[in-house]
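Have a go at each task before you read its solution.

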Amino acid sequence: MPSRPLPRAAALLLGLCLALPAVGQWTEPAWESSADLPSLSATGHRAASSEEYRLGRAWLRQFRARAPEWQDPIAQAYVEALLARLASHAGVDASELLVTLVDSHRLNAFAVPGGVVGINAGLFAFADQEAELVSVLAHELGHLAQRHYSRGQARAEQTQVPAMAAMLAGMLIAAAGGGDAGIGVAMGSQAAFIQDQLSYSRRYEQEADRLGLQVMAEAGYDPESMVSMFRAMQRLTSLQGGTPPEFLLTHPLTESRISDTASRAAKLSMQGQRDGLQYHLVRARALLAIHRTDPDRARTRLIQGDAPRQAERYLAALISAERGDTNEALRRLDALAREQPDLTLIPATAAETAFAAGRTDDAIERSRRLLRLVPGHVPTSLTLAEAQLQRDPEAAWRLLRDLADRHPEDHRVFALLAEAAGRSGREALGHLARAEYQQLTGRITDAIRQLGVARRVAEQEGNATAAARIEQRYEAFLGYRETLEKFR
């Protein structure tokens, strides 16, 4: 997905953040339920945590509209499960976390108020071991648990500077590929304020490091991996002529910070040991996504990272699939699945591979077999739904409607739901689902137009239930757009 012009992206986001005092209740509606989409025009006093939650979801919509997305349901499910496991040790509510994957080779990850966590594909490429990735995620959870952005905002308000807005705008642009331009926006007219905040920011980084180390130890990961990750980032900075990776632009790294982390890591002991094979399989997917035009480069980097032999075989299967040798790809995947029966990722990949090769019936059979063992597995459910669209749109509709109820922030689900509704004779609901997809991806004007079409179709069909639901969403969408336009 190409990025839009940077100044406009910054302006939109700055406006959205400045609108925060007027943000109304943000809820996650069940599909066709009576719950509202967040109304950004309501007023009233609310808890800071609620404000952060709403801001994060509003920010994510703007981010999706502009940042290049790494669309990989299998990698997404892995990261979500990993974060949920870590969150229980960080004191963060896992149910409020939302993950967005960025299609970028750059080393970066970030956390946004309200539980939005972003990860570049490049972070997987950089981290040879799962514990190294976990060190970054645990650090980001530390920021969320300590509510650093909220605390920073409180001080910003004292100096009448919208620091959070500037910071988030910079993060958006950097994540979208703007590199140093993102930091320029974040600092720009706020330079004096940022300078005043440097020691304050360093303290936050130290707090996040310390909590992150504790989370790692309790979750069964070696805390020393955070130290090795910091050292590796330092070496990368030197190799890049003193230009740090994006992660360090927003998370300044000093020698004293590394020393403090090393000292504390040495005093912690792990509670058990995690098996990282699944990580290496996801890393193989990330490397292939980064090196689409040169799969052999992905293989070389995986081997250099001392990956398990199973990961090399998994990547070989992915490369076979990319080159059109579906039989060889499925043969490799099925052999791995027999050796690793507890790794859902492998048969899920086989079902995905079969569908991508046009083997619809095989994909359906593989997906159904896996879902009997692992009910509700999202990547496999999405594969099954796409395949059923070609064979049984009514079954696809039922499956996707259930997914939409359970995952109301997943724009991929609503894109497929719109198609399933249309193919199963639910034209009005198809337009409604399309509108939901558009608002989830930051295209609120398009979403409102789509709702207008949905309303006309519902009236023509005489579908009073759909018409009422569409009218409700229309009012919510208008309020959302009104607030955004005030600050453009």
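A crossing is called left-handed if the near helix is turned anticlockwise from the far one by less than a right angle, and right-handed if clockwise. Before you start, note that this is a predicted model, in which local features need pLDDT of at least 70, side-chain atom pairs count only at pLDDT 80 or more, and totals for chains, interfaces and linings use all residues. Residues are numbered from 1 along each chain as its sequence is written, and side-chain values use heavy atoms, with hydrogens and water left out.

**Exercise 1. Get your bearings**

Find out how many helices and strands the protein chain has.

*Solution.* Start with the elements: helices (H or I, at least four residues) and strands (E, at least two) are DSSP runs, numbered from the N terminus. The protein chain has 24 helices and 3 strands. Next, look at burial, where buried means under 20% relative accessible area, exposed over 50%, and partly exposed in between (1.4 Å probe, protein chains only). Of the 488 residues in the protein chain, 55% count as buried. Last, take contacts, meaning heavy atoms within 4.5 Å. Among those between residues at least 6 apart in sequence, 68% join residues at least 24 apart.

**Exercise 2. H10 against H12**

Work out how helix H10 and helix H12 pack, and which residues meet.

*Solution.* Step one is the geometry. Axes here are lines fitted to C-alpha atoms, for helices over the stretch in contact, and angles run from 0 to 180 degrees between N-to-C directions. H10 (residues 224–239) and H12 (residues 255–266) pack at an angle of about 160°, and their axes are 8 Å apart. That angle makes H10 roughly antiparallel to H12 (under 35 degrees counts as roughly parallel, over 145 as roughly antiparallel, 65 to 115 as roughly perpendicular and the rest as oblique). The two cross in a left-handed way.

Step two is the residues. From H10 come Glu224, Met226, Val227, Phe230, Arg231 and Gln234, and they meet Glu255, Arg257, Ile258, Thr261, Ala262, Ala265 and Ala266 of H12. Sorted by class, the contact of H10 with H12 has 7 nonpolar, 2 polar and 4 charged residues. For that sorting, Ala, Val, Leu, Ile, Met, Phe, Trp, Tyr, Cys and Pro count as nonpolar, Asp, Glu, Lys and Arg as charged, and the others, Gly among them, as polar.

**Exercise 3. Two aspartates**

Is Asp209 buried or exposed, and what about Asp306?

*Solution.* Asp209 sits in helix H9 (residues 191–219). Its relative accessibility is 2%, so Asp209 counts as buried. Leaving aside neighbours within four places in sequence, Asp209 is in contact with His139, Met226, Phe230, Arg257 and Thr261. Now check those names against Exercise 2: Met226 and Phe230 are among the H10 residues there, and Arg257 and Thr261 among those of H12.

Asp306 lies in the loop between helix H14 (295–304) and helix H15 (309–322). At 62% relative accessibility, Asp306 counts as exposed. Take a look at its backbone too: phi of Asp306 is near 60°, a positive value in a residue other than glycine.

**Exercise 4. The sheet and its helices**

Determine the strand order of the sheet, then see which helices lie against the strands.

*Solution.* Two strands pair if DSSP finds at least two bridges between them. The 3 strands form an open sheet in the order S1-S3-S2, with mixed pairing. Strands S1 (98–102) and S2 (109–112) are the edges, each pairing on one side only. From one strand to the next, the twist averages 15°.

Now zoom in on S1. It runs parallel to S3 (residues 116–120), and 5 bridges join the two. Val99 stands opposite Val117 in S3, and Leu101 has Ile119 as its bridge partner. Both faces of S1 are covered: Leu98, Thr100 and Val102 on one side, and Val99 and Leu101 on the other, are all buried.

Helix H3 (residues 73–90) lies across S1 and S3, at about 135° to S1. Helix H5 (residues 130–146) packs on the sheet, touching S2 and S3, and its direction makes about 20° with that of S2.

Finish with Leu137, found in H5. Leu137 is buried, with a relative accessible area of 0%. Beyond its neighbours within four places in sequence, Leu137 is in contact with Leu82, Leu83, Leu86 and Ile119.
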